[in-house]
Amino acid sequence: MDAHAIALWAASHPLTVWAGGMAIALMAAAAAWAAAGPLHTHGARWTAPWADRWTAPRNAGLRLLGTLLVAALLLLACAQALAALAEEWAAPTVWALLDQTLADTLRATASVATLTLFATLTHAGDTAMLAVLAVAVAAALWLRRYRLLALGWTAALAGNGLITRGFKHTFERVRPVHTHEIAVADGFSFPSGHSSSSLVAYGMLAYLVLRLLPARWHLPAVLLAVATVFTVGWSRVVLQVHFASDVLAGWLTGGAWLACCVMVMSGVGHWHRSRSRSATLA
């Protein structure tokens, strides 16, 4: 089956793709969790001798600098990946055909009931929804005296918005035509802001659960985050307000930024604890 036929089938069966895609995403997340299970269910992590030396207090500053360098390289790699995607849809390639076929077929075949369902589900990635979530979580963390986590949470969500906006204005891709009035979006299309924002927000929430709540909450939080992120991304395609490659680019952007934020928060936290320990010993 070629890409054109796959796109036609997927656009004609949006609910099946949603269910199947979510099942695959959840199984992949559960499998990854099972593979790393001992790291999360036991109090001590196994570390190699070089890792023990790397995390020693005297190496805290070096670790922080290394973390910042890796984060910068990851963002650079993300920008290069987005540029490669942009070249694909700008030329008459198989991926550009898949993008356009999905959008055109959904516009012709998607029922009002299907559009209404996904218009409801897509609100999980709305700016207003995530803004309320951002304020509520930041306030709760700050009041509980998790100040570094509160600042990291805020920086993650705000920074992702700025990065996504910057990429949109860099590539200036026009959105697909959507003639229904069930969901409306304006502005540039690439990458999908809903997709990147939901990945960062719900991914950070899962990270906070891993850091702060008992182990019984960990796997459910990760699976719920995965399900929500996939649902928001696919909803943007079904509603025809984004091409499929916009959503993929949004996931790449959000995933890279989330990884950077988690790494930097870990590095800053280790550096801060090392300084506090040194001051106490002095």
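**Helix 9 against helix 10**

I started with this pair: L149, G152, W153, A156, L157, N160, T164 and K168 of helix 9 meet G193, S196, S197, V200, A201, M204, L205, Y207, L208, R211 and L212 of helix 10. I took contact as heavy atoms within 4.5 Å. By class, the residues of this contact are 11 nonpolar, 6 polar and 2 charged. Here Ala, Val, Leu, Ile, Met, Phe, Trp, Tyr, Cys and Pro count as nonpolar, Asp, Glu, Lys and Arg as charged, and the others, Gly among them, as polar.

I note that this is a predicted model, where local features need pLDDT of at least 70 and side-chain atom pairs count only at pLDDT 80 or more, while totals for chains, interfaces and linings use all residues. Numbering runs from 1 along each chain as its sequence is written, and side-chain values use heavy atoms, with hydrogens and water left out.

Next I looked up the geometry. Helix 9 (residues 147–171) and helix 10 (residues 193–212) have axes that come within 10 Å and cross at roughly 165°. The two helices are therefore roughly antiparallel (angles over 145 degrees). Axes are lines fitted to C-alpha atoms, for helices over the stretch in contact, with angles from 0 to 180 degrees between N-to-C directions. Helices are DSSP runs (H or I, at least four residues), numbered from the N terminus.

**Helix 2 against helix 7**

Helix 2 (residues 14–35) packs on helix 7 (residues 112–121) at about 40°, with the axes 11 Å apart. I list P14, L15 and W18 from helix 2, and T114, L117, F118 and L121 from helix 7, as making the contact. Those residues divide into 6 nonpolar, 1 polar and no charged.

**Helix 1**

Which residues of helix 1 are buried? In helix 1 (residues 3–12) I found A3, A7, A10 and A11 buried, meaning under 20% relative accessible area (1.4 Å probe, protein chains only). Their cover includes helix 2, helix 6 (94–109) and helix 11 (218–238).

**Two single residues**

T231 sits in helix 11. Its relative accessible area is 7%, and T231 is buried. Not counting residues up to four places away in sequence, T231 touches W18, M22 and L121.

A86 lies in helix 5 (residues 60–90). A86 counts as buried, at 8% relative accessibility. With residues up to four places away in sequence left out, A86 touches F171 and F190. I also checked A86 against S245: they are 159 residues apart in sequence and 8.6 Å apart in space, C-alpha to C-alpha.

Conventions. Buried < 20%, exposed > 50% of the residue type's maximum accessible area, 1.4 Å probe, protein only. Parallel < 35°, antiparallel > 145°, perpendicular 65-115°, else oblique.
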